[in-house]
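Subject: Structure handover

Hello,

Here is the structure I said I would pass on. My notes on it follow below.

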Amino acid sequence: MKKLFLILATVVLSSLAFAEEVKKYNENGNQYYKRKGNEYWTCSEPLEMVVLTDDGLPLYYRKSPVDGEKLGDFKNEVLVYATKRTAEKYEADGITDYWYLVHSGSEPEKQGWVFGGSIEFNGE
């Protein structure tokens, strides 16, 4: 019995030591969370957004934020769903915003990172 108690105590203590710290916060009615050491915030629910480019041209999505390989594009005014956001804001062409990991609702395989300056929350 004493051995069983020691084994259980060891398992519980070691799991507490390796448990990941999770940070949470709300912004504009959306909840985000982030695990310790992760560079991205994850949305608790996908955020519905619209691609709105200044010139009306398609928006490229990338393998990773900022300078990632271009994987494809989303047409202007198409709905996309954001599931992650960078922890830090970046500047591009005088606009400061986050990068978002988005996917197409109609074509879920179309997924990549886009600059927030070219997308808006749906309805705003």
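Glu91 is found in strand S7; strands (E, at least two residues) and helices (H or I, at least four) are DSSP runs, numbered from the N terminus. Glu91 counts as exposed, at 61% relative accessibility. The cut-offs are: exposed over 50%, buried under 20% relative accessible area, partly exposed in between, with a 1.4 Å probe and protein chains only.

Two points on how to read this. The model is predicted, and local features need pLDDT of at least 70, side-chain atom pairs count only at pLDDT 80 or more, while totals for chains, interfaces and linings use all residues. Residues are numbered from 1 along each chain as its sequence is written, and side-chain values use heavy atoms, with hydrogens and water left out.

Negative patch

Glu91 belongs to a patch of negative charge on the surface, together with Asp54, Asp55 and Asp93. Patches take residues with over 30% relative accessible area and no salt bridge, and join like charges within 9 Å (nonpolar side chains, Val, Leu, Ile, Met, Phe, Trp and Tyr, within 5 Å). A salt bridge is a side-chain nitrogen of Lys or Arg within 4 Å of a carboxyl oxygen of Asp or Glu. Asp and Glu count as negative, Lys and Arg as positive, and His and the chain ends are not counted. The charge is placed at CG of Asp, CD of Glu, NZ of Lys or CZ of Arg.

Two positive phi values

Asp93 sits in the loop between strand S7 (90-92) and strand S8 (95-97). Its phi is near 50°, a positive value in a residue other than glycine, and Asp93 is exposed at 83% relative accessible area. Val66 is not a glycine either, yet has a positive phi of about 70°. Val66 lies in the loop between strand S4 (59-62) and strand S5 (70-74) and is partly exposed, at 39%.

A buried position

Ala82, in strand S6 (residues 79-86), is buried, with a relative accessible area of 0%. Leaving out residues up to four places away in sequence, Ala82 touches Cys43, Glu45, Pro46, Leu47, Met49, Tyr100, Leu101 and Val102; contact means heavy atoms within 4.5 Å. Pro46 is 36 residues from Ala82 in sequence, but their C-alpha atoms are 5.3 Å apart.

Whole chain

The chain has one helix and eleven strands. Of its 124 residues, 32% are buried.

Regards

Terms used. Areas by Shrake-Rupley, 256 points an atom, 1.4 Å probe, with all protein chains shown as cover.
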